[in-house]
Amino acid sequence: MLQGWIQIALTLLILVAITPFFGRYIARVFMRQRTILDSVLNPLDKAIFALSGVRAKEMTGWQYARAVLYSNLAMLVFIYLIFMLQGSLPFSPTGLNAPSWDLALHTAISFVTNTNQQHYSGETTYSYFSQFAALGFMMFTSAGTGIAVAIAFIRGLTGRPLGNFYVDLIQSITRILLPISLVGAILLIAAGIPETLAGPAIVPTLENPEISQAIARGPVAHFEIIKELGENGGGFFGINSAHPFENPNGFTNLIELVALLSVPTSLIVTYGIFANNLKQAWLVYSIPLAILIGFIVITTIGEYQGNPAVNALLGGQAPNLEGKEVRFGWAQSALFAVFTTASMCGAVNSMHDSFMPNGDFVTLSNLFLQIVFGGQGTGTAYLFTYLILAVFVTGLMVGRTPEFLGRKIEKREVVLASFLILLVHPIAILIPAAITLAFPEQLAGISNPGFHGLSQVIYEYASAAANNGSGFEGLGDGTLWWNLSTSFSLLAGRYIPIVALLLLADGMSRKQPVPATAGTLRTDTALFTGITAGVILILGALTFFPALALGPVAEAFQIVKGIG
Amino acid sequence: MSFTNEASRAIRSTLVLWVMTALIYPLIMIAFGQIAFPFQANGSILTNAQGQPVGSALIGQPFTSDRYFNSRPSTTNYSTADPTQDGAGLLKTGVSGASNLAPSNPDLLKRVQATITQLEQAGVQPTADLVYTSGSSLDPHITPEAARAQIARVARTRGLRPNQLEDLIAQNTEGRFLGIFGEPGVNVLKLNLALDTLNR
């Protein structure tokens, strides 16, 4: 067991150690300061701006939001067409035809929203061209959209103009996502991940040459690195990072784990540099880090102790390895599950459906909270929205006008922030889940009986609304109902918050700063950070507590009592 | 800003970014992989003495007989099918999959019980990895304990000494990255390929 804890601790240490450097680099990029790749990238950026007709004009909150919506709509239509035409497009060695219209629509929405929820298996549904030219494309642009929104939000919060969406989107790709992906893809190819246009290899099996094995492959490595770095999470193969060709060993697993949390962790440091208050940034950083560590402990203990019913058959304690690969074992599987739901990546290296209830509780909680570092860009923005709410709550307690970074928090901010935190997420999850559960035979497609079945349905909508994309994959979700109803949650969970965040930031950036006095509530103290953590747990978690109680908590009691 | 202006900017930036991230980037990486690391880039395909492909170093194969070290149970039988009876077209694309059975699902217990009975009849002490199905259904590894539990059976069937097999297991065990990250696993296909050369 100790060895498992050591690998987990070291992974966390590496992650935390790179954040100051990466966060500083991101800040330099978006503060338009000099960075090391300027000599190559300045001309490239200029060429891209010229070709796309982008002029670096400052945008207001509405203009920024409209640019996000227009560009994302253009991308959505574009990749939908690629899916529907894949039968007559090149690079399709397995000769796959177009999927059904609703599956293609769900996939397009799911990838444009940085979710990558997959109601299909990659190797049997989408051609190589659809994978690298449509899905791989969205992995860059949806991640870039998230980063751009976060940067605009940080700029607004710190009293700057929001910037220009197209400039931010393009620079997040040319200066952050693409250079790291190039290096990462080289490492992943060297470590064994395929990168080829050749079709599946068919070989006779060693034990019985009458039986053949089909070894699916493809251009995976370049796809894999942006899948994690952009917190996309959509697997090239149906079984995602559990597939030996997506994640063949401990080295690739480490790269994927660090990549999938590196941007949302670093963006908090980026905020600290913009706000010129690194102390506050690290205090804020400590909230999700503490929750993350707690969640890792809960999950790993469950997986390490294993399934009591199976342990009784085996005649001793053994880890729960159902849906897990030997090369990852209980420790790396549990760690990956917590990281991927915390970060809204949604890649999986083991099957969440087969986790012990501890793991179900944690993965669901991560999807409900959305700030345990959270989605690409949006997680950081949510975290600071909670901060604004905490300022408001504490302001009420001491009877002073709440201020954040020297700007008054007024009705508009509180309305937008509480709308964002308290309403959008529950509506996008609980209402469609209630409808689905009302028709268990016709709609739900539940594959595991009892309390776990409820978790399956809630998880699917929570994953869609939080733009995570992982799933309890036993669920029969490839249906018209699931494709359309989760599309609603995907869109609501993505674009309503983005517009609200941009308006919030726009309002903040226009306020007159008030000078700090002795009576100003300081927001960079441990006490205030603690209160923020409390506000997060109360507002974020309580709404969903009934779902947790009826799902994983009840299942845990059921397992203790004995199955059957 | 007029509507046409905004729409044109959205479409043009989409196309420019598409060419860069969805055509140039993948094609450069494919060319790089094929030139610099052709073995890995094409799926780490293993070949026999005649140069014919026999499998991948990273993908498991089904082994259930007493002559071989057995691999883990798989929900897709390691993406295999009889080519003469492949109505579902599995061999056209290859597949991956998992049981997705919850720990509270009675079907899981029934399946585990059946697997344990099978293993005990074959004289193998059941280990967790041999009774639980893997995440990908293509897991190339079993744990070193699971390999050792099968030594007696394979040695008996093939008329080999147990310590010969212990050496083979050690040679085909893939360790943790830097001795720290991940878990050690015995590559079953490589082990069984080595086993066949030993007998000749």
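This is a predicted model: local features need pLDDT of at least 70, side-chain atom pairs count only at pLDDT 80 or more; totals for chains, interfaces and linings use all residues.
1. Take the contacts in chain B with a separation of 6 or more. Residues 24 or more positions apart account for 49% of them. Buried residues make up 48% of the 200 residues in this chain.

2. Next comes the overall build of chain B. The chain has 9 helices and 6 strands. Its radius of gyration is 23 Å, well over the 16 Å that the globule rule gives for 200 residues, so chain B is more spread out than a compact globule. Along the principal axes, the C-alpha atoms of chain B fill a box of roughly 80 × 45 × 45 Å.

3. Chain B is divided into two parts. Domain 1 covers 3–38, and domain 2 covers 46–199. How many Å separate the centres of domain 1 and domain 2 of chain B? Taken over C-alpha atoms, the separation is 41 Å.

4. Now look at where the chains meet. The contact takes 93 residues from chain B and 104 residues from chain A. Which helix gives the largest share of the side of chain B that touches chain A? Helix α1 of chain B (residues 3–36) does, with 22 residues. By residue type, that side of chain B divides into 50 nonpolar, 34 polar and 9 charged.

5. As background, strands of a sheet pair through backbone hydrogen bonds, either parallel or antiparallel.

6. Check the pairings strand by strand. Within chain A, 4 bridges join β1(A) to β2(A), and these strands run antiparallel. Here A:Ile202 stands opposite A:Ala214 in β2(A). A:Ser212 stands opposite B:Ala81 in β3(B). A:Gln213 has B:Thr80 as its bridge partner in β3(B).

7. Is A:Ala214 buried or exposed? A:Ala214 is buried, because 24 other C-beta atoms lie within 10 Å, and the cut-off for buried is 20 or more.

8. Follow the neighbours of A:Ala214 next. Leave out residues up to four places away in sequence. In chain A, A:Ala214 touches A:Pro200 and A:Ile202. In chain B, A:Ala214 touches B:Ser79, B:Leu90, B:Leu91, B:Thr93 and B:Gly94. A:Val553 makes a separate distance check: A:Ala214 and A:Val553 are 339 residues apart along the chain, and their C-alpha atoms are separated by 41 Å.

9. Finish with A:Leu81, a helix residue. A:Leu81 lies in helix α3 (residues 61–84) of chain A. Why does A:Leu81 count as partly exposed? A:Leu81 has 14 C-beta neighbours inside 10 Å, and partly exposed lies in between the cut-offs of 12 or fewer for exposed and 20 or more for buried. A:Leu81 and A:Ala104 are 23 residues apart in sequence and 9.0 Å apart in space, C-alpha to C-alpha.

Technical notes:
Residues are numbered from 1 along each chain as its sequence is written. Chains are lettered from A and ligands numbered from 1 in the order in which they are written. Helices (H or I, at least four residues) and strands (E, at least two) are DSSP runs, numbered from the N terminus. The radius of gyration is taken over C-alpha atoms; the globule rule is 2.2 Å times the number of residues to the power 0.38. Two residues are in contact if their C-beta atoms, placed from the backbone, lie within 7 Å. Ala, Val, Leu, Ile, Met, Phe, Trp, Tyr, Cys and Pro count as nonpolar, Asp, Glu, Lys and Arg as charged, and the others, Gly among them, as polar. Two strands pair if DSSP finds at least two bridges between them. Domain bounds come from an automatic or database domain assignment.
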